[in-house]
Amino acid sequence: MVASKACPCGDPNQDINHIIFRCPISSPRATHLVSFCNTISAYSSLTPNDIFPLLKEPSPKLCRLLLAFIKSNNLII
């Protein structure tokens, strides 16, 4: 539990899309994850820079990339 939903970067809302795609603190470590998400979105009707639809039925590769991203940023989920 956290006292505020604001991100340490100053953004008032911190959700998974912000952390992966837009946060200047954590997104630099998301290169492979972002590339994978954008590749999947390009071949489907999914919106780019939105991981929520991919999380409905995550592939093993998405799970591996998410875990690596979480570990590299020392995120606690």
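Author: Residues are numbered from 1 along each chain as its sequence is written. In this predicted model, local features need pLDDT of at least 70, side-chain atom pairs count only at pLDDT 80 or more, and totals for chains, interfaces and linings use all residues, while side-chain values use heavy atoms, leaving out hydrogens and water.

Reader: Why is Lys61 called partly exposed?

Author: Buried means under 20% relative accessible area, exposed over 50%, and partly exposed in between (1.4 Å probe, protein chains only). Lys61 has 42% relative accessibility, so it counts as partly exposed.

Reader: And why does Asn74 count as exposed?

Author: Its relative accessibility is 68%, and the cut-off for exposed is over 50%. Asn74 sits in the segment after helix 4; helices are DSSP runs of H or I with at least four residues, numbered from the N terminus.

Reader: How do you know that the span of helix 2 agrees with what it should be?

Author: The expected span is 1.5 Å times one less than the number of residues. For the 12 residues of helix 2 that gives 16 Å, and the end C-alpha atoms are 16 Å apart, so the two agree.

Reader: What makes the buried residues of helix 2 line one face?

Author: Leu33, Val34, Phe36, Cys37 and Ser41 are buried in helix 2. Seen down the axis, the buried residues fall within an arc of 160 degrees (taken from the directions from the helix axis to the C-beta atoms), so they line one face of helix 2.

Methods:
Helices (H or I, at least four residues) and strands (E, at least two) are DSSP runs, numbered from the N terminus.
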